[in-house]
Amino acid sequence: MPRLVGIGVTGGIAAYKIADLVSQLSKQEDIEVSVIMTESATRFISPLTFRTLSNREVHTDLWQESPGHRVQHIGLAQSMDLFVVAPATANIIGKMAAGIADDLLSTMLLATNAPILAVPSMNSGMYENPVVQRNLNTLRDMGIHILEPDSGYLACGDAGKGRLPDNSAIYERIMSMLQPGNDLQGLKIMVNAGTTCENIDPVRFITNRGTGKMGFAIARAARRRGANVILVSGPSQLQPPPGVLWESVWSAEEMCEKMLGYQDECNIIIGAAAVGDFKVARTADQKIKKSGNASDRITLELVQNPDIIKTLGARKKMGQIIIGFAAETQNVMENARKKLESKNLDFIVANDVTMEGAGFAIDTNIVTIITRDGEIRPYPKMTKDQVAEAILDKAADLFKTINCDI
Ligand code: PMT
């Protein structure tokens, strides 16, 4: 059954940015979006924009006639799973804190039983005004969630705190509030992602096709489920998920060193990165030149990189879970099982990277989870977000089992 998210838009210049957020949420199969606008919001952006993007009627008027003369807005407020106010002006924050219901949005905010998320956005002087801060504290005391504004240049020309956070941060907070349980709360999870790079000379390096899509999806899902997440990635075009501690590294050695530094504080470690197995034996100090002779050849001598997940597996502490991936092109199950054993992993996620819809640089994957006690669970083609959830479900179960037995 789809979840209904109410988006209350109030009259701030950032109102136009909410169009993208509504579009992104409406694309989710299991989410419906209902937009409620104040009269001032309609001066910044047209209700038609939101109606088109949400594919639903936009509510603007407390006195709107409804079929059968039912008090439609109360029913709508009570059927919401989450009510978001973004941007939340000083005015609506003041009204919410004081319990004023003098228009459609403020009335619905009083009538709803859903959790409320307010995303303040205003001039920094207004935001820092003690009255606004007092009102925000009142909302916090009432259990209303506040997503703090960003700092930076504001539309009014001032600089300071008051900018609407990026839509990605609002989206992530909405998804985490819609998540049925925070089953990973209290756990620290480290994930590595993407590729690693090995320098040949100051301008050239060896790398692979890893983009980080798989590992970033795991980090994002773990954060949504309440975990404290460390994401260690090689160079990637992707934005790290909000709320995650991101460590960006270059080479396999740097990645290994960084992860060893965090290992002892982690409950679960997941190796989704395509770590380069080899590095150049001697990196040239200067750019390697060609002599101009067409028959010239150069030979690169490669030596082994540390096997990061194997190194971590060898110093696994009691109760810790370590999960690896196996990117295979042949004998998938057999090779994956060998890696599970030799790297001292708790389970391994095998993907045949030659299959269409699986592997590098795409948004889907086709995986089989293999555990130490021989359980083999193949999954159909799923988005990397869904694969991430399946891995975390398995990890959470295993973590509970192992830590009950200790
Ligand atoms: O980033 P994307 O574009 O989304 O692509 C996703 C992915 C294909 C990279 C991902 O699904 C995946 O399969 N990751 C593991 C890639 C890999 O290096 O597999 P492997 O079979 O060579 O290694 C087995 C395990 O050992 C992996 O957990 C790997 O991270 C780890 N390893 C490997 C070599 C090494 N030197 N150190 C390691 O820690």
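Reader: What's the handedness of the crossing of H1 and H9, left or right?
Author: The crossing of H1 and H9 is right-handed. Keep in mind that this is a predicted model.

Reader: Thanks! And at what angle do H1 and H9 pack?
Author: Helix H1 (residues 18-26) packs against helix H9 (residues 167-178) at about 40°, and their axes are 10 Å apart. That angle makes H1 oblique to H9.

Reader: Which residues make the contact?
Author: From H1 there are Ile18, Asp20, Leu21, Gln24 and Leu25, and H9 brings in Asn167, Ile170, Tyr171 and Ile174. Sorted by class, the contact of H1 with H9 has six nonpolar, two polar and one charged residues.

Reader: Nice. Switching to sheets: in what order do the strands of the five-stranded one come?
Author: The order is E2-E1-E3-E4-E5, in an open sheet with parallel pairing. At the edges are E2 and strand E5 (145-146), each of which pairs on one side only.

Reader: How many bridges hold E1 and E2 together?
Author: Seven bridges, with E1 and strand E2 (residues 31-37) running in the parallel sense. As one example, Val5 has Val33 in E2 as its bridge partner.

Reader: And E3 with E4, how many there?
Author: Four bridges join E3 to E4, again in a parallel pairing. Ala88 is bridged to Pro120 in E4.

Reader: Why would you call E1 largely enclosed?
Author: Because six of the seven residues of strand E1 (residues 3-9) are buried, the rest of the structure largely encloses this strand.

Reader: What about helix H6, how many of its residues are buried?
Author: Helix H6 (residues 104-111) has seven of its eight residues buried, so H6 is largely enclosed by the rest of the structure as well. The buried ones are Leu104, Leu105, Ser106, Thr107, Met108, Leu109 and Ala111.

Reader: What do those buried residues of H6 pack against?
Author: Quite a list! They pack against E1, E2, helix H4 (72-78), strand E3 (82-88), helix H5 (90-98) and strand E4 (116-120).

Reader: OK, on to the eight-stranded sheet. What's its order?
Author: Its strands are ordered E12-E11-E8-E13-E16-E17-E19-E20, in an open sheet with mixed pairing. E12 and strand E20 (376-378) each have a single partner strand, so one side of each is left without a neighbour in the sheet. On average, neighbouring strands here are turned by 15° against each other, direction ignored.

Reader: Inside that sheet, which way do E13 and E16 run, parallel or antiparallel?
Author: Strand E13 (residues 268-271) and strand E16 (residues 321-328) run parallel, joined by four bridges. Ile270 pairs with Ile323 of E16 as its bridge partner.

Reader: Which strands does H11 lie across?
Author: Helix H11 (residues 252-263) lies across strand E8 (188-193), E11, E12, E13 and E16, and H11 runs at about 175° to E8.

Reader: Last one: where does Pro241 sit?
Author: Pro241 is in the loop between strand E11 (228-233) and strand E12 (245-248).

Reader: Buried or exposed?
Author: Pro241 has 6% relative accessibility, so it counts as buried. Leaving out residues up to four places away in sequence, Pro241 touches Phe216, Ala219, Arg220 and Leu231.

Reader: And how far is Pro241 from Asp373?
Author: Their C-alpha atoms are separated by 33 Å, and the two residues are 132 residues apart along the chain.

Technical notes. Residues numbered from 1 in each chain as written. Predicted model: local features only at pLDDT ≥ 70, side-chain atom pairs only at ≥ 80, totals over all residues. Heavy atoms only, no water. Axes fitted to C-alpha atoms, helices over the stretch in contact; angles between N-to-C directions. Helix = DSSP H or I, 4+ residues; strand = E, 2+ residues; numbered from the N terminus. Parallel < 35°, antiparallel > 145°, perpendicular 65-115°, else oblique. Left-handed = near helix turned anticlockwise from the far one by under 90°. Contact = heavy atoms within 4.5 Å. Nonpolar A, V, L, I, M, F, W, Y, C, P; charged D, E, K, R; others polar. Buried < 20%, exposed > 50% of the residue type's maximum accessible area, 1.4 Å probe, protein only. Pairing = 2+ DSSP bridges.
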